[in-house]
Amino acid sequence: MCGIVGYIGKASAPSVLISGLRRLEYRGYDSAGMAILEDGSVVVSKAPGKVSALNDKAHADWPAERFSKSSTGIAHTRWATHGPPTEVNAHPHLDESGDIALVHNGIIENYRALRTRMEGKGHHFYSETDTEVLAHLIGDRYKGDLFQAVCDALSQVEGTFGIAVISAKEPGKIITARRGSPIVIGVGEGETIVASDASAIIAHTRQVIYLEDNDIAVVTADNVDIRDLHQVPVTREVSELGFDSAAAEKGGYEHFMLKEIHEQPDSLSNAIRGRLDFNLGSSVLSGMGSSPRELAEIQRVVLVGCGTSLHAGLVGEYAFEDLANIHAEVEQAAEFRYRNPIIGRTDLVVAISQSGETADTLAAVREANQKGAFVMGLCNVVGSTIARETGRGVYLHAGPEISVASTKAFTCQVAVMLMMALKLGRGRRFSRDEGMKFAREIESIPALVEKVIAQSDRIAEIAKRYANDEHAFFIGRGTMYPVALEGALKLKEISYIHAEGYHAAELKHGPIALLQEGTPVIALANDIPGKDKTLGNIEECRARGARILGIITEGDQEAAEAMDDFIEVPACHPLVATVPSVVALQLLAYHIANERGCEIDQPRNLAKSVTVE
Ligand code: AGP
C-alpha cells in the first residue's frame, strides 16, 4: 500500500522522483525516501512524514548540483506494515555492500527466515522491515549481473511485491518486477518511468505498459526488456492513458475530495453515456461479454468487495433482486476468499473495486475463477490487476480518484450496477416500457446529484453544528441502509468521529443504549417504502435526547418537522435515490472534517488502495 517511482532519462532524477511521489502520496504517506546513482555510488535520502519532508531534507542535505546532474533513481512513499514510520524503516533499503538499493510495495511473508539466514552469513540489518531482507538477498546473489541476482532473490520470496532496484555497479538501468502489487512502466522519449500507478507517469508520457504477476523488466532510458522470473522473454502491449495530468490536479479546489464530489455529475454522465438503450428499454454493457442467452443461465449474483465498494455492492443486491428478480448476495472479500464459498458456473461473481488492486478482492476473483463461476470486474482504474484477471467487466469511467475517501467511484459503481440489473431484468421480468421507464430514471441521476451539490454551502452551515461531537449514528431502511453504512464510513475516515451505520430497526436491539442527550443521529428518511417506520425509529431516538439530522425528499413537510436539521434530495426511484442521498452525506462528512481541520485527502492510518491482506 505504498507508492514507488523509478526514473531513468535526461531530466534531474530527484525532481522527477519527488513530483512522482507527490502524485502517489494517496497510496501511503507516513515516510518517504529516494536513492540516486552518482559517480559510481548510491546516494540516499529518507525522512519520516510526508513527501514534502523528504523534499526539504534532500534539499538541505544534498548539494544543489545533485538535483541537476543525476539521471537515474528510485523513490518510495510508505504505508507502514513492518516497523513504525521512522527514517531507518523508510525505503529505499540497501544491501550489505551499500551498492544496491531497493524500493518495495507489498509484504514478504517469509522475511524472518530469510533474515535469520542472511544474519547467519554475517549480514547486518538496521531496520525492522521485511523489505531490507530482499535488498540483502539480491546483494547476496549478486555475481556481476543485477538482473540475474534479482531473479534469484525473488525465486526465494513468498508474498507480494512491486519493486524497483538500482546498482552503483550497473548505472543506466533499473530492474522492476511485480507479484500482487501493481507496476506500470511509462515509455517516453529518451526516458522511462516506473511507478505503482499511472498518475506518476502522466506528466511524462501517455504510453504505458502494465506488468503482469511474475513479470520482471530491465529498464533503460530507451528500452524496456520484459521477461518472466525464469528469464523467458514475454510481450506486454503498450497502451495509451485515457486521462490527462489535469485530472490528477486539484483544479482550484481545497481538497481532492471536494473536487471529486463536485465532479460527480460529469463522472456519472461518463459512466452512463452510451450505455442506455431507450429503444430496447435496456442497457448496453459490452464489457459483460455475454449474450442474452448466457445471461439467462445466471441463477445468482454474488457481489464481492471491501469498504466503500462493499457498500455499493449492498445497493447492487437490492437492484438485482428488485429489478431482475434474481437471487443476489454480498460478500466481504476477505471472508469470501477463506470461507470456501459454494460457487458454481451459474453464479455471476462481480468484483467491485475502484483501484482494481485491493488484495482481498483480487483473491476473491481468483477463488471464484477457481470454482468456475462467471466472473466480472467493476473497476475504475483501467488496466488494473482485477480488470485484467477477470478479463471482462465494466469500467466506471469516473476518472482518477485521488482522495483516499472514495466518493465518485461509489456513485458510479451504483449507477453501473443499476444498468447491469436493468440488462438482466429486461431478460427476465421487465417489459420494454418498464425498461425504458427505469432507463430514464438512471439517465436523470447526474441532474439529481447536481441539485444536492448546489446545497454545499448550506450543508457546510449544518456541519458546524455537528463538528464538535465525537460520536454519531446513521440509520436507514431498505435501499437507504447501505447509504447509512457509507455515510458513517465517510465521516469516520476523514473526521475521526466514531460513527456507526445501522439498519433503523436494529437500534432498539442494543445500539440505542448508546444514545444520550445531544447524540447526533443522521437518519435517511427519504419518501420511499419504509419511511413511516423510519420516522417511528426517529421518535425512539428523539425520546432518548438524540439530535436528528434528516436526509429527506424535497418538499416532504411531514419528515422535515421530525428533524432538528435536514438536507433535501429530489424525489426519485428508491434505488436511484441512494445516489443523491449519499452525495449529501459525502458533503456533510467533508464539511465536518474541514470544520475540524482534518487532513481530508490523506486521513491518518489510511491509504487509497489496500494491496496487502
Ligand atoms: C473508502 O473511502 C476507502 N478508501 C476504502 O474503504 C475503499 O473503499 C476500500 O479499500 C476498497 O477499495 P477499492 O474499491 O479500490 O477496492
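I started at the ligand and found one of its oxygen atoms 3.1 Å from a polar backbone atom of Thr308. I call that a polar contact, meaning a pair of N or O atoms within 3.5 Å; within protein, one must be able to donate a hydrogen and the other to accept it, and residues adjacent in sequence count only if both atoms are side-chain atoms.

A note on what I'm looking at: this is a predicted model, where local features need pLDDT of at least 70 and side-chain atom pairs count only at pLDDT 80 or more, while totals for chains, interfaces and linings use all residues. Residues are numbered from 1 along each chain as its sequence is written, and side-chain values use heavy atoms, with hydrogens and water left out.

I looked up two side chains next. Ser355 has a side-chain N or O atom 2.6 Å from an oxygen atom of the ligand. For Thr358, I got 2.5 Å between a polar side-chain atom and a ligand oxygen. Taken alone the ligand exposes 400 Å², and the protein buries 91% of that (areas by the Shrake-Rupley method with a 1.4 Å probe).

Helices (H or I, at least four residues) and strands (E, at least two) are DSSP runs, numbered from the N terminus.

**Helix H8**

Which residues of H8 are buried? I found Gln264, Pro265, Ser267, Leu268, Ala271 and Ile272 in this helix, residues 264-272 (buried is under 20% relative accessible area, with a 1.4 Å probe and protein chains only). Seen down the axis of H8, they fall within an arc of 165°, so they line one face of the helix (the arc uses directions from the helix axis to the C-beta atoms). Among their packing partners I wrote down helix H7 (256-262), strand S15 (276-277) and helix H21 (578-595). Just after H8, Gly274 takes a positive phi of about 75°.

**Asp565**

Asp565 lies in strand S26, residues 565-569. Buried or exposed? I count Asp565 as buried, at 11% relative accessibility. Its side chain makes a polar contact with the side chain of Tyr466, at 2.6 Å. Leaving out residues up to four places away in sequence, Asp565 touches Ile462, Arg465, Tyr466, Ile548, Leu549 and Gly550 (contact means heavy atoms within 4.5 Å).

How values were computed:
Buried < 20%, exposed > 50% of the residue type's maximum accessible area, 1.4 Å probe, protein only.
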